[in-house]
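Here are my notes on the model you sent. Please read them with the structure open.

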Amino acid sequence: MKFRPCIDLHNGAVKQIVGSTLDTSVEDGLGLEENFTSSQPASHYASLYSSSSLTGGHIIKLGPNNDSPALLALSTSPQTLQIGGGITSKNAKQWINAGATHVIVTSYVFSNGAINYDHLNELVSAVGKDKIVLDLSCRRKQGDIDGPYYVVTDRWQKYTDFVVDEESLKSLSVYADEFLVHGVENEGKRCGILEDLVVLLKDSPIPVTYAE
């Protein structure tokens, strides 16, 4: 097990947001619950993590106005951080060339409620399997406290039909180097991990980062 740091960017600032409050208002910040907003830029944290030998972390761009601070962070500490947020097969190579070790992808691969294998194969062709992290952040459907975990997209507000389980982890492992999974219901709430989800993820054939 390894600790990995994270830099969440919202409107250019480093923030810690309660993930389940993300919605289409992310651009103006209405309705967001924030635990923390830093006065330091993303590049400060990139340098701090690198000097502390904390590698394998990620930058997540939440909405617009985040490309410039993300690029500065990657140039400050190249080849130590992954990048996610708005990644497609058309721009993935640009972010790798900018210094990211991997690109993190959800909505481009999971579109219209289902997995898009054409997009997934295009992404593999663009940067290679070894540069891809598939974000399988998931949540149970409302009221179904013992049901399966479904991948959610579009700031974690839209359910897909893709269930996270041992079989699905195995099937997607041939397209990615790692998985990233946020337990959406607990993310940012400082209430601990979703233990049953963590137990499920132990069956993954490739490395998994569980994020809170």
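1. Helix 2 (residues 67–76) has these buried residues: P69, A70, A73 and L74. Buried means under 20% relative accessible area, exposed over 50%, and partly exposed in between (1.4 Å probe, protein chains only). Helices (H or I, at least four residues) and strands (E, at least two) are DSSP runs, numbered from the N terminus.

2. What do the buried residues of helix 2 pack against? Their partners are strand 1 (6–10), helix 1, strand 4 (57–62), strand 5 (81–84) and helix 3 (92–97). Contact means heavy atoms within 4.5 Å.

3. A word on the source. This is a predicted model, where local features need pLDDT of at least 70 and side-chain atom pairs count only at pLDDT 80 or more, while totals for chains, interfaces and linings use all residues. Residues are numbered from 1 along each chain as its sequence is written, and side-chain values use heavy atoms, with hydrogens and water left out.

4. The protein chain has six helices and 14 strands. Of its 212 residues, 49% count as buried. Among contacts in the protein chain with a separation of 6 or more, 62% come from residues 24 or more positions apart.

5. Look at Y49 in helix 1 (residues 42–51). Y49 counts as buried because its relative accessible area is 15%. Not counting residues up to four places away in sequence, Y49 touches P5, C6, I7 and L54. Y49 and P5 are 44 residues apart in sequence, yet 7.3 Å apart in space, C-alpha to C-alpha.

6. Leaving aside neighbours within four places in sequence, S168 is in contact with F162 and V163.

7. The largest pocket holds about 770 Å³ of space. Of the 26 residues that line it, F3, R4, Y210, A211 and E212 are the closest to its centre. A pocket is an open set of points on a 1 Å grid over the protein atoms alone, where a 1.4 Å probe fits, with protein on both sides within 12 Å along at least five of seven lines; lining residues have an atom within 4 Å of a point.

8. Strand 14 gives the largest share of that pocket's lining, four residues. The lining of the largest pocket divides into 15 nonpolar, four polar and seven charged residues.

Notes. Grid points are joined across faces, edges and corners, and a volume is the space filled by probe spheres set on the points. Ala, Val, Leu, Ile, Met, Phe, Trp, Tyr, Cys and Pro count as nonpolar, Asp, Glu, Lys and Arg as charged, and the others, Gly among them, as polar.
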